[in-house]
Amino acid sequence: MKKIQLKVDGMTCSACSSGLEKFLRKQTGIVSANVNLILGMVEVEYEDLTVSEIEDYILQAGFSSKGEYSYTDDGYIYKVKKRNLVIFAVILLFLMYFSMGHMLSFPELFSYNEYPIYYGILLLFISILFLVYGFDILKSGFLNLIHRMPNMDTLVLFSVFFSFFYSVYGFVQICVGNIYFLHQLYFESLCMVIYFVKLGRFIENISKNKTTSAIKNLVTITPREAIMKKGSDFISVSLDEIQKGDVLICRPGEKFAVDGEVVEGEGYVDESFITGESVPILKKKENTVLAGSMNYDGIISYKAKKIGKDSTVSSIVSMVVSSLNQKSKIERLADKISSYFVPFIFLVAVLSFIVKVLWDVGFANAFHTFVTVLVVACPCALGLAVPLVISVSYGICAKGGIVIKAGDVLEQAQNIDKVIFDKTGTLTYGKPSIFQIFSYDIDKYSLLKIVRSLESYSTHPIATAFSKEDILPVLAFSEISGMGIEGEVDGKHYYVGNLTLLKKLGIRGVHKKDYQHLIDHGCSILYLVSDNQVLGLIGVRDVVREDMKEVISDLEHLGITSVMLTGDNLEVARSVAKELGIEEIHADVLPKDKAAIVRGYVSAGNRVIMVGDGVNDAPALVEATIGISVSSGTDVASDASDVMLMNHNLSNLIDFIHIGNQAYRIIRQNLFWAFFYNICMIPIAIGVLAPFGIVLNPMLASLFMTISSLTVVFNSLRLRWIVK
């Protein structure tokens, strides 16, 4: 099975995207199709087909494929559209002046009463220009109609079609002497409708580009060229020329071209574009560097590990785009309503026309109402209400180092009841660190130096708590199984070990108060002993992450309960929980127990976030409402999660919940506006308020329709400032 993402032109509302989805899914050889209106793309899984055949299917559906999807902006197309808008704005102003100037007592170019035929010819000519300008809209409306997938363009097609041919009929009547038809020409109305639709979509497209700007920045942040080391020479190469294993050079002020591993040199590197972490990171030999990250200082040689689509940046973009193509429940509901909206509006327009004809208000008045109803209705606002906000949210998350991998995650992030944390590696750093030192008859610096020297020879995991810098030579080193180590430093014999070692050495009941203090804080305790005398105690434990107290406190303020899951014993769990302010604890649990506990919370009606980083967390991540993994965790945990944090700053968890809540607040506002607008404007277009002097014409209707769509667009973009 193959997958491809194609750029699609001509989609204007959710009826377009849902219609194209349905059409493609019916075709032989296509396994699945997901259309994204905001990105203007379709992701297709297919078998036994060529790309050109898929593009033919898209063309048959009434749209056009622009090839494989790319995030690079097409500046030329933007300039052409902008130029055309300006040209036709000038033509439209001329048309308005020519046809309505007499109403405002402006000097007439020539009197339409004196030269009615010339007046009609000029209007007809200008309207034909606008029909050519809006041909893409009319074509889309027609093709979607014959494929039984009517959309916004179909409504525009009907209004323009009937306006044009009724006006042509009126012009013919003028030519045969029926001057009365001068007041029943709708040429300027159809021109206004086409122009406002074009203008609205131009502004919408600019705004849509802003919604995905963060994702585009990820793709375009990598440099186009790199410096490659070939023997003793350095040559400039394009990214396409780089192969895995090639050694590249990154100088100060330059960006890394591909993901790689440092082989020589060191320097501080800014990876904030992908992790959201603004503090530069020191990169040394054997450290990983990411494509697009900035080298602040030092010349670094690195070996290419992941290139092209395999790079971290490309993987993140692929995950984000795939998740954008997975629609949430509320988005699917909005699409379903939109699919019925266009036929409903056409039915309302026809019925209002028939009623007015039967009511004997005159054919021209009835036709005026028919066209106005078609134009004023706006399924665009309904179709854009959800996907625009989702796209903005995903962009904000991507910029902050939060990668969303599942389509309905933001919807699920509302009203979270509990956040369950794995302890080791999530709440804590996941490796032993020195918690506290007590020294007796020796200064702490000397004590630590001796212990560090001895532990540098040990293979026990607890030895990783001590650095290997500034150490002394050790002679006669040996490990005492289950108890500790021993060795000679500066001619003196030392032991480093646990309480069992003290008992073996015959040392009893010393420094109980300090010992108990370290035990109460969940420490593993190392004694330094020489000449049967205890020189000091060192408490070693997995240290709580610096930001976790604030994260737990913020969750509490949001009314969210924090829960700890750990395979460690209850005493250690209680120590960490007490420090963080967590009251609910589950200790001594196996991986299957973790999953069962999470499942129990969910079954009880709780909306649960599970945060973990290890293989043993994967089952629990799957069971949770939302599973969140950290990038420093295992691949298994990452694959099982719905969201991945690209740095281990769990304050991003608060940001994620905040973005989810704000996003759906704006979605509700958008949906309210979309329904409220149509509920108000359609009756006005029908003429319900005409007795009170409130009436609409097609030109005003097209303006209001455009404003309605833009209101939803700009309200969606507001999310970018709300969550800052």
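Me: Which residue is the bridge partner of D270 in β12?
Reply: D270 is bridged to M294, which belongs to β12. Helices (H or I, at least four residues) and strands (E, at least two) are DSSP runs, numbered from the N terminus.

Me: Before we go on, what kind of model is this?
Reply: This is a predicted model, in which local features need pLDDT of at least 70 and side-chain atom pairs count only at pLDDT 80 or more, while totals for chains, interfaces and linings use all residues. Residues are numbered from 1 along each chain as its sequence is written, and side-chain values use heavy atoms, with hydrogens and water left out.

Me: And what is the mean pLDDT of the protein?
Reply: The mean is 82, and 88% of the residues reach 70 or more. The pLDDT is the predictor's confidence in each residue, from 0 to 100.

Me: What about β13: how many bridges join β8 to it?
Reply: Strand β8 (residues 259-264) runs antiparallel to β13 and is joined to it by 5 bridges; V262 stands opposite Y302 there. Strand β7 (residues 247-250) also pairs with β13 (residues 300-306) in the antiparallel sense, over 4 bridges, and I249 has S301 as its bridge partner.

Me: New topic: K356. Where is its place?
Reply: K356 sits in helix α11 (residues 329-358).

Me: Is K356 buried or exposed?
Reply: K356 counts as buried because its relative accessible area is 18%. The classes are buried under 20%, exposed over 50% and partly exposed in between (1.4 Å probe, protein chains only).

Me: With which side chain does the side chain of K356 make a polar contact?
Reply: The partner is the side chain of T369, at 3.1 Å. A polar contact is a pair of N or O atoms within 3.5 Å; within protein, one must be able to donate a hydrogen and the other to accept it, and residues adjacent in sequence count only if both atoms are side-chain atoms. A polar atom of the K356 side chain also lies 3.0 Å from the backbone oxygen of I686.

Me: Which residues is K356 in contact with, neighbours within four places aside?
Reply: The residues are V361, G362, N365, A366, T369, I686 and G687. Contact means heavy atoms within 4.5 Å.

Me: Now the largest nonpolar core. Which residues touch the most other members?
Reply: Among its 81 residues, they are L24, F421, I609 and F656. Helix α25 (residues 651-686) gives the most to this core, namely 11 residues. A second, separate core of 63 residues includes L182, F202, F370 and M699. A nonpolar core is a set of buried Ala, Val, Leu, Ile, Met, Phe, Trp, Tyr and Cys residues joined through side-chain atoms within 4.5 Å.

Me: How many aromatic pairs does a search of the whole structure find?
Reply: The search finds 25. One of them, F161 with F165, is tilted, at 4.7 Å centre to centre and 55° between the planes. Rings of Phe, Tyr and Trp (its six-membered ring) pair if their centres lie within 6.5 Å; planes under 30 degrees apart count as stacked, over 60 as edge-to-face and the rest as tilted.

Me: In which helix do F161 and F165 lie?
Reply: Both are in helix α6 (residues 152-175), 4 residues or about one turn apart. F161 is partly exposed at 41% relative accessible area, and F165 is partly exposed at 47%.

Me: And how is the pair F672 and F676 arranged?
Reply: F672 and F676 are stacked, at 5.6 Å centre to centre and 15° between the planes. Because they are 4 residues apart in helix α25, about one helical turn separates them. F672 counts as exposed at 57% relative accessibility, whereas F676 is partly exposed at 38%.

How values were computed:
Two strands pair if DSSP finds at least two bridges between them.
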